[in-house]
Amino acid sequence: MAGTGDKLKGKVKQATGILIGDKQLEREGKLDKAVGTVKETVSKVVDTVRDAVTPGKPPLTKRAKRAAKSLG
């Protein structure tokens, strides 16, 4: 999912900044986490709109569940 990498990178940067006492790195980590959250939110909105305007297609969550079930 979009933004997950940014959030993970942010968590690592923030924790590293706290651990070594680097306030700048800690702030960068917080910013990366926020960017990741925004990307995830935008992605969800885009998926919701796409599903709403595409007639005859099951919602993305149903398709994702079906795909996961077919793998397992």
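Modeller: What follows sets values from a predicted model against the cut-offs that give each label.

Biologist: What makes helix H1 roughly antiparallel to helix H2?

Modeller: The axes of H1, residues 4-20, and H2, residues 23-53, cross at roughly 165° and come within 7 Å. Angles over 145 degrees count as roughly antiparallel, and therefore H1 is described as roughly antiparallel to H2. As for handedness, the crossing in which H1 passes H2 is left-handed.

Biologist: Which residues make that contact, and how do they divide into nonpolar, polar and charged?

Modeller: On the H1 side the contact includes Asp 6, Gly 10, Lys 13, Gln 14 and Ile 20, while on the H2 side Leu 25, Gly 29, Asp 32, Lys 33 and Lys 39 are among them. The residues of the contact of H1 with H2 comprise twelve charged, eight polar and four nonpolar.

Biologist: How do you know that the side chains of Asp 6 and Lys 39 are joined by a polar contact?

Modeller: The contact between the side chains of Asp 6 and Lys 39 is 2.7 Å, and a pair of N or O atoms must be within 3.5 Å for this label, so the distance meets the cut-off. Not counting residues up to four places away in sequence, Asp 6 also touches Asp 32, Lys 33, Val 35 and Gly 36.

Biologist: What places Leu 25 on one side or the other of the buried cut-off?

Modeller: Leu 25, in helix H2, has a relative accessible area of 19%; since the limit for buried is under 20%, Leu 25 is called buried. Leaving aside neighbours within four places in sequence, Leu 25 is in contact with Lys 13, Gln 14, Thr 16, Gly 17 and Ile 20. The C-alpha atoms of Leu 25 and Lys 13 are separated by 6.0 Å, although the two residues are twelve apart along the chain.

Biologist: And why is Gly 29 called buried or exposed?

Modeller: Gly 29, found in helix H2, has 0% relative accessibility, which is under 20%, and therefore Gly 29 counts as buried. Its contacts, leaving aside neighbours within four places in sequence, are with Gly 10, Lys 13 and Gln 14. Gly 29 and Thr 41, twelve residues apart in sequence, are 19 Å apart from C-alpha to C-alpha.

Biologist: What, finally, is the label for Thr 61, buried or exposed?

Modeller: Thr 61 belongs to helix H3, residues 60-71, and has a relative accessible area of 55%; because exposed means over 50%, Thr 61 is called exposed. Thr 61 and Val 42, 19 residues apart along the chain, have C-alpha atoms separated by 16 Å.

Conventions. Residues are numbered from 1 along each chain as its sequence is written. This is a predicted model: local features need pLDDT of at least 70, side-chain atom pairs count only at pLDDT 80 or more; totals for chains, interfaces and linings use all residues. Side-chain values use heavy atoms; hydrogens and water are left out. Axes are lines fitted to C-alpha atoms, for helices over the stretch in contact, and angles run from 0 to 180 degrees between N-to-C directions. Helices (H or I, at least four residues) and strands (E, at least two) are DSSP runs, numbered from the N terminus. Angles under 35 degrees count as roughly parallel, over 145 as roughly antiparallel, 65 to 115 as roughly perpendicular and the rest as oblique. A crossing is left-handed if the near helix is turned anticlockwise from the far one by less than a right angle, and right-handed if clockwise. Contact means heavy atoms within 4.5 Å. Ala, Val, Leu, Ile, Met, Phe, Trp, Tyr, Cys and Pro count as nonpolar, Asp, Glu, Lys and Arg as charged, and the others, Gly among them, as polar. A polar contact is a pair of N or O atoms within 3.5 Å; within protein, one must be able to donate a hydrogen and the other to accept it, and residues adjacent in sequence count only if both atoms are side-chain atoms. Buried means under 20% relative accessible area, exposed over 50%, partly exposed in between (1.4 Å probe, protein chains only).
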